[in-house]
Amino acid sequence: MAFEGFELSQIEVPEASLRVRHGGSGPPLLLLHGYPETGAMWGAVAGDLAKDFTVVCPDLRGYGGSTKPPSSDDHETSSKRAMARDAVALMAEFGFDRFAVAGHDRGGRVAYRLALDHPGAVSRVSILDIVPTGEVWARADRRFALGYWHWSFLAQPHPFPETLIGADPDAFFFSTSFGGILKTFDPEAFREYARAAHRPDVVHAMCEDYRAGAGFDRELDMADKAAGRKIACPVQVLWGARGALAAWYDTLAIWREWADDVQGQAVDCGHFIPEEKPAETLALLRGFFG
């Protein structure tokens, strides 16, 4: 069963109240989810990881059962830097000032920003199916415009995307996006995603996340790259062999511009690696985190 033996709680950090699943014992491991999901996406692997690690699995600020940040003109309150601050504060609540991190999709963007902004806090980072935000925008082309059109759509000024999504959230998130694959995942997790997607405050927060990505996050990445700043800890990168990263990028080569210690491989699936290939994901995470 997903998250068997885990506790579900609401934990206050300085800038947010985070809905968190946590369980297990051993070295600390923070799991960060992607769009348009919640921490429930880790359900197929979290229980097994909890045999070896203390697993902490929050909903990111704005998503699921976590509080929605106030909007700001520069979208910093929905940035990966802000979410990384939440992560450090959350792990401190559990008594950990240094921990390992795995992040998928938007959670992967929080994970690498966390490693850049708080190098003393992150021992190892596993990044699933992304390249850095700044690199995505710098390489944006016809394939990106057609394949990842939601990046530009969600980043449009409020209330344009929120209004269109509100007419039929199920169609937008779970039919037209990602080929409808989210509907094939664990029914309990999918119900959680669907409940969140019907909340206007969650939809707005997800749009703000992408607005931050198009501006604030991208600018941070480009400033770090120009300054030669790199991730100090070991990095694992996993990507779907049947997804966009395999088709568009030399994924390891890109990440080796951002860290000196990088390993990784493709997994025979699409974008949602932990849900499409949980056994393989579990083995690769265990192998990396030890």
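Me: By class, which residues are in the lining of the second largest cavity?
Reply: That lining has 7 nonpolar, no polar and 3 charged residues. Ala, Val, Leu, Ile, Met, Phe, Trp, Tyr, Cys and Pro count as nonpolar, Asp, Glu, Lys and Arg as charged, and the others, Gly among them, as polar. This is a predicted model, where local features need pLDDT of at least 70, side-chain atom pairs count only at pLDDT 80 or more, and totals for chains, interfaces and linings use all residues. Residues are numbered from 1 along each chain as its sequence is written, and side-chain values use heavy atoms, without hydrogens or water.

Me: What counts as a cavity?
Reply: On a 1 Å grid over the protein atoms alone, a set of points where a 1.4 Å probe fits but cannot get out; lining residues have an atom within 4 Å of a point.

Me: Which helix gives the largest share of the second largest cavity's lining?
Reply: Helix α2 (residues 80-93), with 4 residues. Helices are DSSP runs (H or I, at least four residues), numbered from the N terminus. The lining includes Leu-18, Pro-58, Arg-61 and Met-83.

Me: What's its volume?
Reply: The second largest cavity has about 60 Å³. A volume is the space filled by probe spheres set on the points, which are joined across faces, edges and corners.

Me: Switching topic: how many cavities of 30 Å³ or more are there in the whole structure?
Reply: The search finds 3.

Me: Which residues are closest to the centre of the largest cavity?
Reply: Asp-105, Arg-109, Asp-129, Tyr-148 and Trp-151, out of 17 lining residues.

Note on methods. 1 Å grid on protein atoms, 1.4 Å probe; cavity = no way out; pocket = protein on both sides within 12 Å on 5 of 7 lines; lining within 4 Å. Helix = DSSP H or I, 4+ residues; strand = E, 2+ residues; numbered from the N terminus.
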